[in-house]
Amino acid sequence: MLFLAVYLLLVNLIGVIFVITDKKRAKKNQWRIPERNFFICCILGGCPATYAAMKIFHHKTLHKRFMWGIPVIFVIQIIALIFLYIKGLLHSFINI
C-alpha cells in the first residue's frame, strides 16, 4: 500500500512539474513538453494533480483536448478501480 501511495504521489508531482515547466517555456517561446507526455502522465495515475495545476496556472485551459480528455481518463480509471474492487481483484493487488 505504501508503494502505491508513493507511486501516485510521484506521478502526480511529475504532472505538476510538466504543467509549470511547460507554462514557463511557453512564455519564453522555448521548446515545449509534448502533449502526449501530459496524457501519458495522466494515464499512469497523474490526472488529479495535473488537471488541478492546469486550472491553477491557467495553462492549456483553452484546449478542449485537455479540459475534456484528462477528466475522461480519470473517470475511466475510477470506473476501472470500482470494477476491480467489485470483482475482488483490487484487494488482492493492494495486499501484495
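Tutor: A disulfide is counted where two cysteine sulfur atoms lie within 2.5 Å. In general, a disulfide is a covalent bond between the sulfur atoms of two cysteines. Please keep in mind that the model above is predicted.

Student: How many disulfides does the structure hold?

Tutor: The count is zero disulfides. Cys41, for instance, takes part in no disulfide, and the nearest cysteine sulfur, which belongs to Cys42, is 5.6 Å away.

Student: Are Cys41 and Cys42 buried or exposed?

Tutor: The general idea is to compare the relative accessible area with a cut-off: under 20% is buried, and over 50% is exposed. Cys41 has 4% relative accessibility, so this residue counts as buried. Cys42 has a relative accessible area of 0% and is therefore buried also.

Student: Which residues make up the largest nonpolar core?

Tutor: A nonpolar core is read as a set of buried residues joined through their side chains. In this structure the largest such core has twelve residues, among them Cys42, Cys47, Phe38, Phe39, Ala53, Met54 and Ile70. Helix 2, residues 35-56, and helix 3 each supply at least two residues of this core. Helix 2 gives the most, with six residues.

Student: What is Ala53 in contact with, leaving aside its neighbours within four places in sequence?

Tutor: Ala53 is in contact with Val16, Val19 and His58. Val19 is also listed in the largest core, together with Ala53.

Student: Where does Val6 lie?

Tutor: Val6 lies in helix 1, which spans residues 2-27. With a relative accessible area of 40%, Val6 is partly exposed.

Student: How far apart are Val6 and Lys87 in sequence and in space?

Tutor: Val6 and Lys87 are 81 residues apart in sequence, and their C-alpha atoms are 25 Å apart in space.

Note on methods. Residues numbered from 1 in each chain as written. Predicted model: local features only at pLDDT ≥ 70, side-chain atom pairs only at ≥ 80, totals over all residues. Heavy atoms only, no water. Buried < 20%, exposed > 50% of the residue type's maximum accessible area, 1.4 Å probe, protein only. Core = buried A, V, L, I, M, F, W, Y, C linked by side-chain atoms within 4.5 Å. Helix = DSSP H or I, 4+ residues; strand = E, 2+ residues; numbered from the N terminus. Contact = heavy atoms within 4.5 Å.
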